[in-house]
Amino acid sequence: MSMKWTSVLLLIQLSCYFSSGNCGKVLVWPTEFSHWMNIKTILYELVQRGHEVTVLAYSPSFLFDSNNSSTLKFEVCSTSSAETEFVDNVIHLVERQSEIPKDTFWSYFSKLQEMTWAYGDLIITFCKDAVSNKKLMTKLQESRFDVVLADAISPCGELLAELLKIPFVYSLRFSPGYILEKYCGGFLLPPSYAPVVMSELSDQMTFMERVKNMIYVLYFRFWFQLFDMKKWDQLYSEVLGRPTTLFEIMGKAEIWLIRNYWDFQFPHPHLPNVEFVGGLHCKPAKPLPKEMEDFVQSSGENGVVVFSLGSMISNMTEERANVIASALAKVPQKVLWRFDGNKPDTLGHNTRLYKWIPQNDLLGHPKTKAFVTHGGANGIYEAIYHGIPMVGIPLFADQPDNIAHMKVKGVAVRLDFNTMSSTDLLNAVKTVINDPIYKDNAMKLSRIHHDQPVKPLDRAVFWIEFIMRHKGAKHLRVAAHNLTWFQYHSLDVIGFLLACVTTVIFIITKCLFCVWKFVRTEEKGKKD
């Protein structure tokens with residue numbers, strides 16, 4: 001190692017002793033795709049502050065390369081042959097989800113349930129491989145980690161923390177129906193004004209919408225409670241050698257880092273061990289590549305439109321691609337379209353196709369007028385960060401709900417991917433660009449997002465370091481975790497009070513009856 005790098009590493013190590021984190025060791029149980037993008041941002045910041053970060057990975061992971069990373073350590077935790085099919089299976093599940101018709105509530109969510117179970121089966125395989133790998137577990141024990149950082153949507157991080165006897169922190173965007181937040185985190189989400197995630201409702205609900213929201217609450221509560229709970233409960237009980245449940249172990253999380261904020265989310269109460277860090281991956285725009293910058297500058301005063309439906313969908317039909325291309329060809333703006341497929345026949349001269357685009361840098365460019373998006377949370381937050389109005393074409397998962405939030409806040413127009421015409425898309429793009437209310441609302445959300453005393457990324461890192469310094473955060477944990485469901489809702493107290501009132505009423509009634517009987521007897525004796 002050169003003298004230069006030796007000096008740099010020495011300075012990093014020395015800085016730990018003067019920093020707030022004191023050079024801790026972080027073990028990470030991540031999730032793939034967009035979830036990894038958020039956790040990765042936190043991990044790189046932790047490394048920059050001198051912490052040692054180890055990520056548990058499985059070999060087919062394609063979002064990070066364990067062989068080429070110079071800052072993060074990776075441990076392959078899975079040995080199952082099924083892992084080689086993981087990426088293809090997950091992508092297949094996602095693409096199937098985008099094809100589910102939302103004709104009826106029950107048909108949509110019953111099919112969604114099957115897919116979620118299938119995803120849960122994949123994750124539980126990884127978890128079994130990790131905790132049964134004696135060599136790996138011995139190495140983790142000897143490494144003496146200070147904290148586990150896990151994505152709550154993929155269980156097992158909390159089991160590792162329990163086995164290693166160290167605290168853990170969750171990173172989470174949301175769980176279906178807020179199951180994990182409510183029953184593991186103790187979140188307060190009154191259904192009267194807190195819409196269930198994926199319901200596409202706002203916090204200003206009519207009576208019938210509140211009825212619908214309550215049905216969602218009951219459905220998710222008694223659905224399958226995420227990932228077929230019996231399998232997870234059985235696994236956790238076997239591994240720990242005592243009867244337990246997934247929810248019980250997940251409920252021990254010290255801090256919940258929720259990847260949301262009040263510029264995106266509707267207001268509701270939250271607990272002291274919950275920190276909202278939405279948009280932590282957002283950052284100022286960097287200069288574009290020269291060829292792309294020249295194309296953007298050639299747009300003149302009309303500016304550009306950024307179009308991306310994300311990286312997960314690769315099966316767009318030629319018919320849909322031509323519908324989109326013909327609409328974009330008619331807008332006066334230049335268009336940068338992230339598209340990995342055959343060139344559409346109706347593609348206009350104003351549109352360029354890219355297999356990849358620097359989305360954040362484009363959204364932060366002064367010539368960008370609108371963002372056509374599938375509604376992924378990361379992309380929406382980048383648009384909020386830079387104050388760009390949107391045309392939402394949601395495909396699956398939380399995307400319809402995300403676009404519904406943006407529509408309520410007045411920064412987006414929503415279209416249906418399968419039924420929209422070229423005219424619909426053209427009019428939507430023109431509306432968000434030409435109607436100043438959309439830009440004004442987008443800039444308002446942007447100002448709210450930027451006007452925070454501490455940046456979201458700094459808050460996330462602070463709380464992880466806080467857990468390392470204090471070996472947990474039990475003082476922030478509400479006593480609700482120690483109560484049964486009937487104690488939490490005070491049903492035992494209400495029952496006791498009702499019994500007392502009933503007893504008092506019974507005694508009073510009995511006494512009055514005895515007095516009445518005595519008086520009647522006396523009156524009868526006098527008459528005789």
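Guide: Buried means under 20% relative accessible area, exposed means over 50%, and partly exposed is in between. Keep in mind that this is a predicted model.

Visitor: Is Phe 276 buried or exposed?
Guide: Phe 276 has a relative accessible area of 6%. The cut-off for buried is under 20%. So Phe 276 counts as buried.

Visitor: And what about Trp 262, which class does that one fall in?
Guide: Trp 262 comes out at 28% relative accessibility. Buried needs under 20% and exposed needs over 50%. That puts Trp 262 in between, so it counts as partly exposed.

Visitor: How many aromatic pairs are there, and what kind is Phe 187 with Trp 256?
Guide: Searching the whole structure turns up 15 aromatic pairs. In the one made by Phe 187 and Trp 256, the ring centres sit 5.6 Å apart and the planes are at 70 degrees. An angle over 60 degrees has its own name, so this pair is edge-to-face.

Visitor: How many residues apart are Phe 187 and Trp 256?
Guide: Phe 187 is in the loop between α7 and α8, while Trp 256 belongs to strand β6. Both are buried. Their pair links distant parts of the chain, with a separation of 69 residues.

Visitor: What kind of pair do Trp 262 and Phe 276 make?
Guide: Trp 262 lies in the loop between β6 and β7, and Phe 276 is in strand β7, 14 residues apart. Their ring centres are 4.6 Å apart, with the planes at 45 degrees. Stacked needs under 30 degrees and edge-to-face over 60, so the pair is tilted.

Visitor: Which residues join Phe 187 and Trp 256 in one aromatic cluster?
Guide: The cluster holds Phe 187 and Trp 256, the edge-to-face pair.

Visitor: Which helix gives the most to the lining of the second largest pocket?
Guide: That pocket holds about 1,000 Å³ of space. Helices α7, α8, α9, α10 and α19 each supply at least two residues of its lining. With five residues, the top contributor is α8.

Visitor: How many of the residues lining that pocket are nonpolar?
Guide: The lining has 30 residues, and those closest to the pocket centre include Lys 182, Tyr 183 and Trp 485. Six of the lining residues are charged and seven are polar, and the nonpolar ones number 17.

Terms used
Residues are numbered from 1 along each chain as its sequence is written. This is a predicted model: local features need pLDDT of at least 70, side-chain atom pairs count only at pLDDT 80 or more; totals for chains, interfaces and linings use all residues. Side-chain values use heavy atoms; hydrogens and water are left out. Rings of Phe, Tyr and Trp (its six-membered ring) pair if their centres lie within 6.5 Å; planes under 30 degrees apart count as stacked, over 60 as edge-to-face and the rest as tilted. Helices (H or I, at least four residues) and strands (E, at least two) are DSSP runs, numbered from the N terminus. Buried means under 20% relative accessible area, exposed over 50%, partly exposed in between (1.4 Å probe, protein chains only). On a 1 Å grid over the protein atoms alone, a cavity is a set of points where a 1.4 Å probe fits but cannot get out, and a pocket is an open set with protein on both sides within 12 Å along at least five of seven lines; lining residues have an atom within 4 Å of a point. Grid points are joined across faces, edges and corners, and a volume is the space filled by probe spheres set on the points. Ala, Val, Leu, Ile, Met, Phe, Trp, Tyr, Cys and Pro count as nonpolar, Asp, Glu, Lys and Arg as charged, and the others, Gly among them, as polar.
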